[in-house]
Amino acid sequence: MTKLSDTQAIILNAAAQREDRIALPLPANLKGGAATRVVDTMIAKGLLEEVEARRIAFQPHLSDPVWRETGDGHGVTLVATDAGLAAIGVEPEDANTAPVVATGAPTDGPAP
């Protein structure tokens, strides 16, 4: 199991509370270089990933929060990964729950 700092646990717990798993906003006391270091470490450990942020021009309040701009007019947001949720003891809702047969492979229906 991955050992988390208190800050990492707070970020992942907040993301786990959201349907879209977005990890933003970060805690208010985490700013600048410290925020970058924490996020970079979490990405390196596979706890967070950067994904393209949805931007809705005519309804910006529905847009995803942006972690950083990519320079081509797009932005990225931070999303908790399955590994990130597992690190705080949360099983992803979209986890594969298909039955497993003797071969260990998931099936689309009940086992024969």
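Reply: Glu91 is exposed, with a relative accessible area of 60%. The cut-off for that word is over 50%. Keep in mind that the model is predicted. Glu91 lies in the segment after α3.

Arg21 is buried, at a relative accessible area of 17%. Here the cut-off is under 20%. Arg21 belongs to the loop between α1 and α2. Its C-alpha lies 9.2 Å from the C-alpha of Leu85, and 64 residues of sequence separate the pair.

Now step back for the overall plan. The protein has three helices and three strands. Read from the N terminus, the order is α-α-β-β-β-α. There are 112 residues, and 29% of them are buried. Take the contacts with a separation of 6 or more: 57% of them join residues 24 or more positions apart. The accessible surface comes to about 7,400 Å², and carbon and sulfur atoms hold 54% of that.

The part to look at closely is β3. Start with the sheet that holds it. Three strands form an open sheet, in the order β1-β3-β2, with antiparallel pairing. β1 and β2 (68-69) stand at the edges with a single partner strand each, so one side of each has no neighbour in the sheet. In general, strands of a sheet pair through backbone hydrogen bonds, either parallel or antiparallel.

Take the β1 side. β1 and β3 run antiparallel and are joined by five bridges. On this side, Glu52 stands opposite Val76 of β3.

Now the β2 side. β2 and β3 pair over two bridges, again in the antiparallel sense. Glu69 has Gly75 of β3 as its bridge partner. The hairpin of β2 and β3 has five residues between the strands. Within that hairpin, Gly71 takes a positive phi near 95°.

How many residues of β3 are buried? Six of the six are, so β3 is largely enclosed by the rest of the structure. Follow the two faces. Gly75, Thr77 and Val79 point one way. Val76, Leu78 and Ala80 point the other way. Both sets are buried.

What surrounds this part? Look at the largest nonpolar core, which has 21 residues. Ile11, Leu12, Leu26, Met42 and Leu48 touch the most other members. α1 (6-16), α2 (32-44), β3 (75-80) and α3 (82-87) each supply at least two residues of this core. The largest share is that of α2, with four residues.

Leu48 shows how these elements meet. Leaving out residues up to four places away in sequence, Leu48 touches Leu78, Val79 and Ala80, among others. Its contacts also include Ile11, Leu12, Ala23, Met42, Ile43 and Thr81.

Which residues of α2 are buried? They are Ala35, Val38, Val39 and Met42. They cover an arc of only 95° around the axis, which puts them on the same side of α2. The general rule is that an α-helix has 3.6 residues a turn, so residues three or four places apart point the same way. Arg37 and Ala44 are exposed on the other side of α2. The buried residues of α2 pack against α1, β1 (48-52) and β3. Just after α2 comes Gly46, with a positive phi of about 80°.

To sum up, β3 sits between β1 and β2 in the sheet order. Its residues are buried, six of six. The buried residues of α2 pack against β3 as well as against α1 and β1.

Note on methods:
Residues are numbered from 1 along each chain as its sequence is written. This is a predicted model: local features need pLDDT of at least 70, side-chain atom pairs count only at pLDDT 80 or more; totals for chains, interfaces and linings use all residues. Side-chain values use heavy atoms; hydrogens and water are left out. Buried means under 20% relative accessible area, exposed over 50%, partly exposed in between (1.4 Å probe, protein chains only). Contact means heavy atoms within 4.5 Å. Accessible areas come from the Shrake-Rupley method with a 1.4 Å probe; for residues, only the protein chains shown count as cover. A nonpolar core is a set of buried Ala, Val, Leu, Ile, Met, Phe, Trp, Tyr and Cys residues joined through side-chain atoms within 4.5 Å. The arc is that of the directions from the helix axis to the C-beta atoms. Two strands pair if DSSP finds at least two bridges between them.
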